[in-house]
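This briefing is meant for a reader who has not seen the structure before. Please look at the sequence and the model below, then read on.

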Amino acid sequence: AMSVTTQVRNLTQGTGFSNSVNATSGDMLMFLVTVQSNGTTASNVYMRDSLPNTLIYQNQMVVSGTQNYSGDVISGLNLGTINPGQTVTVSYQVKVAGGVVGSTANNISVTSANGSQNSSATIQVGGQVLGASTISTGLTNNFWVDTFVLPLLIALVGAAMFRMGMFI
C-alpha cells in the first residue's frame, strides 16, 4: 500500500509545516507531499495537484528520494517506481491570490498501478482589518485648488491603496 501526506507552511509568515495554515492574499506558501510505499512496490506513481484558482503555482519544485521523475505537479509528475520502505518527497511553492477570504482545500492525488491515494492541506485566508485613520482635508478656501486638487489626491490615494491590495 502507498501512503501520501500533504503539509503546508507559510513562507511569508515563517510558520512550520502543518496540515493547515493561516494566510493572507499575496503570501507565499510551500507544500510538502510525502509519498511512501509500505510493503509492496508501487509502480508508475503519478502525482498531480489540481490547484484551486485561489492559489497560483510558483514552481520552485524539489523532488527528493528518486532521480527518475518527469513533469511537474500541475500537469502531472511521474515519480516512476517507489520500492518498499522508500520515501519520495515533493515540495513546491504557491502564492495566495488577491481578494481571497475563507478556507481553501488544496487536493493532491497520487495514483499508481497498485491504486490511488488522495491527500489535502487547508489554507485559511483571513480578511484584512482596515483601521480608521484621520485625514486632513487641507482645504484652502481657494475654489480652483479645492475643487481640483482634493478629488485628484483622493483618487491617487485610492488607486495606490487598491494596487497594494487593501480593498478585497
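The model is predicted: local features need pLDDT of at least 70, side-chain atom pairs count only at pLDDT 80 or more, and totals for chains, interfaces and linings use all residues. Residues are numbered from 1 along each chain as its sequence is written, and side-chain values use heavy atoms, with hydrogens and water left out.

**The chain**

- The protein chain has one helix and eleven strands; helices (H or I, at least four residues) and strands (E, at least two) are DSSP runs, numbered from the N terminus.
- Along the sequence, the pattern of the protein chain is β-β-β-β-β-β-β-β-β-β-β-α.
- Of the 168 residues in the protein chain, 30% are buried, where buried means under 20% relative accessible area, exposed over 50% and partly exposed in between (1.4 Å probe, protein chains only).
- Among contacts (heavy atoms within 4.5 Å) with a separation of 6 or more in the protein chain, 68% are between residues 24 or more positions apart.

**The sheet**

- Six strands form an open sheet in the order S2-S11-S10-S4-S8-S7, and the pairing is mixed; two strands pair if DSSP finds at least two bridges between them.
- Strand S2 (20–23) and strand S7 (70–72) are the edge strands, each pairing on one side only.
- Neighbouring strands of this sheet are turned by 25° against each other on average, direction ignored; axes are lines fitted to C-alpha atoms, for helices over the stretch in contact, and angles run from 0 to 180 degrees between N-to-C directions.
- S2 pairs with strand S11 (residues 115–125) in the parallel sense, over four bridges.
- Asn 22 has Gln 124 in S11 as its bridge partner, and Ala 23 has Val 125 in S11.
- S11 also pairs with strand S10 (residues 102–112), in the antiparallel sense and over eleven bridges.
- S10 and S11 form a hairpin with two residues between them, and Ser 112 has Gly 115 in S11 as its bridge partner.

**Asp 27**

- Asp 27 lies in the loop between S2 and strand S3 (28–37).
- Asp 27 is buried but has no salt bridge, and the nearest side chain of opposite charge, Lys 95, is 9.3 Å away.
- A salt bridge is a side-chain nitrogen of Lys or Arg within 4 Å of a carboxyl oxygen of Asp or Glu; Lys and Arg count as positive and Asp and Glu as negative, while His and the chain ends are not counted.
- Beyond its neighbours within four places in sequence, Asp 27 is in contact with Asn 10, Thr 12, Gln 13, Val 94, Lys 95 and Val 96.
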